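Please open the model in the viewer and keep a selection panel at hand.

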Amino acid sequence: MSDLTSTERERILAKSALFNPPEATLPDGRRELVGLSREELVAELAALGEKPFRAKQLWHWIYHQGVTDFAAMTSIAGPMRAKLAERFTVGRPEAATVQTSSDETRKWLFRWRDGQEVETVYIPDRHADRGAVCISTQVGCTLSCRFCHTGTQKLVRNLGAAEIVGQFMAARDSYGEWPSPKDDQPRLLSTIVVMGMGEPLYNYENTAKALRIIMDGEGIGLSRRRITLSTSGVVPMMDRCGQELGVNLAVSLHAVTDELRDEIVPLNRKYPIKELLDACRRYPGASNARRITFEYVMLRGVNDSEAEARELVRLLQGIPAKINLIPFNPWPGSPYQTSTYEQTASFAAILNDAGYSSPIRRPRGRDILAACGQLKTESERVRRAVA
């Protein structure tokens with residue numbers, strides 16, 4: 001079994017490489033420093049004859065202070081700053097549009113150097129000065145989940161580590177949250193959910209590299225406990241994610257039978273429910289203190305019966321789990337309807353009675369199409385309209 005998993009993992013990584021992003025280099029030849037690992041940053045500076053401590057200084061300015069202008073990096077000597085500015089850049093994605101919802105959810109349409117775009121969302125907590133940044137990992141998506149607006153846009157390419165980290169850094173710019181708050185200080189942008197456009201485990205190398213940068217204690221310094229990665233169930237990569245990153249796991253489940261999940265989450269045909277839940281049981285670090293979140297979009301008359309709630313309880317037995325019940329967020333042309341509140345509450349009561357926390361998620365940012373399953377780049381909408 002492990003040999004099969006290893007072979008499948010290699011196949012996934014090889015296919016992912018076909019969608020790799022362009023090199024992070026400007027037309028004038030300058031190299032983007034955001035997205036480089038510590039080791040790569042040391043190597044770039046060694047090529048200039050500089051010692052490793054310079055990389056540590058740069059890392060601090062880029063990821064702790066949030067500085068983009070070499071001239072402002074005052075702990076570095078003037079001639080060295082000039083040399084850095086000639087060869088490198090510290091960039092941010094271009095915010096093509098920024099929308100703020102009536103409930104204060106904010107959505108950015110970020111445009112990359114090759115003209116491709118993704119959406120990123122910040123969801124503030126209603127009751128405290130904190131909130132979650134929902135970041136994307138791919139331009140488009142390869143999964144075609146039938147209830148998801150993002151899934152109607154074909155996969156164009158993966159995002160690079162710089163583009164993934166850059167979304168969070170640009171969101172911080174927007175809220176003025178530099179330098180990075182220390183652990184005992186409140187953070188406005190307090191958590192990351194890797195739940196935006198794309199399937200992160202189909203872009204594992206770039207996603208993992210970006211998250212390691214974000215978790216580095218001498219930079220952004222966000223704890224792995226404050227990062228949740230969502231997957232539709234790329235089973236061979238789930239084990240690796242748990243072992244190497246140890247971030248919180250969320251699983252897009254949405255059905256309790258293979259027959260229905262095959263239809264609404266086509267990835268299930270490759271990795272059916274039993275294989276997916278077995279991978280959840282193996283996930284390192286999962287415990288009552290760090291439960292796996294199962295996401296379940298409530299579709300009226302499709303997956304929301306009391307019988308399905310009871311089957312969900314049976315399936316999750318032995319897994320430290322929390323179930324997020326997500327009201328379906330309508331989008332133009334969707335074939336589904338939102339479950340009634342009464343039916344959703346009845347579903348939740350069965351889960352709660354069985355001992356599972358099952359909050360009904362309150363939709364946020366619906367008025368700017370920023371809610372769960374609604375992300376889809378404006379450029380794609382415009383292109384379709386023109387066509």
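A residue is called buried when its relative accessible area is under 20%, exposed when it is over 50%, and partly exposed in between, with a 1.4 Å probe and protein chains only. The model is predicted: local features need pLDDT of at least 70, side-chain atom pairs count only at pLDDT 80 or more, and totals for chains, interfaces and linings use all residues. Residues are numbered from 1 along each chain as its sequence is written, and side-chain values use heavy atoms, with hydrogens and water left out.

**Stop 1: Leu41**

Select Leu41, which lies in helix 2 (residues 38-46). Helices (H or I, at least four residues) and strands (E, at least two) are DSSP runs, numbered from the N terminus. Leu41 counts as buried because its relative accessibility is 3%. Contact here means heavy atoms within 4.5 Å. With residues up to four places away in sequence not counted, Leu41 touches Leu33, Leu36, Ala55, Leu58 and Trp59.

**Stop 2: the nonpolar core**

A nonpolar core is a set of buried Ala, Val, Leu, Ile, Met, Phe, Trp, Tyr and Cys residues joined through side-chain atoms within 4.5 Å. Which residues touch the most other members of the largest nonpolar core? Select Leu58, Phe147 and Phe294, which hold that place among its 106 residues. Then centre on Phe147: residues up to four places away in sequence aside, its contacts are His254, Ile264, Val265, Val297, Leu299, Phe328, Trp331 and Tyr336.

His254 sits in the loop between strand 11 (248-252) and helix 8 (258-264). Its phi is near 70 degrees, a positive value in a residue other than glycine. His254 counts as buried, since its relative accessibility is 4%.

**Stop 3**

Switch to a cartoon view and display the open sheet of nine strands, whose order is 3-4-5-6-9-10-11-12-13, with mixed pairing. At its edges are strand 3 (94-100) and strand 13 (321-327), each of which pairs on one side only. From one strand to the next, the twist averages 20 degrees. Two strands are said to pair if DSSP finds at least two bridges between them.

Select strand 9 (residues 191-194) together with strand 10 (residues 227-231): they pair in the parallel sense over three bridges. Across this pairing, Ile192 stands opposite Ile227, and Val194 stands opposite Leu229.

Is strand 10 mostly covered or mostly uncovered? It is mostly covered, with five of its five residues buried. Ile227, Leu229 and Thr231 lie on one side, and Thr228 and Ser230 on the other.

**Stop 4: Glu119**

Within the sheet, select Glu119, located in strand 5 (residues 117-124). The unreviewed UniProt entry lists Glu119 and Cys372 under "active site"; UniProt positions follow the numbering used here, feature names are shortened, and annotations may be inferred rather than shown by experiment. Glu119 is buried because its relative accessible area is 2%. A polar contact is a pair of N or O atoms within 3.5 Å; within protein, one must be able to donate a hydrogen and the other to accept it, and residues adjacent in sequence count only if both atoms are side-chain atoms. The side chains of Glu119 and Lys107 make such a contact at 3.4 Å.

**Stop 5**

Select Glu163, in helix 5. Glu163 counts as buried, since its relative accessibility is 12%. Its side chain is joined to that of Arg157 by a polar contact of 2.9 Å. Apart from neighbours within four places in sequence, Glu163 is in contact with Pro21, Trp112, Arg157 and Asn158.

Next, select Pro179, in the loop between helix 5 and strand 9. The peptide bond from Trp178 to Pro179 is cis, with omega near -5 degrees.

**Stop 6: Glu104**

Finally, select Glu104, in the loop between strand 3 and strand 4. Is Glu104 buried or exposed? Glu104 counts as exposed because its relative accessibility is 55%. Its phi is near 80 degrees, a positive value in a residue other than glycine.

How values were computed. Axes are lines fitted to C-alpha atoms, for helices over the stretch in contact, and angles run from 0 to 180 degrees between N-to-C directions.
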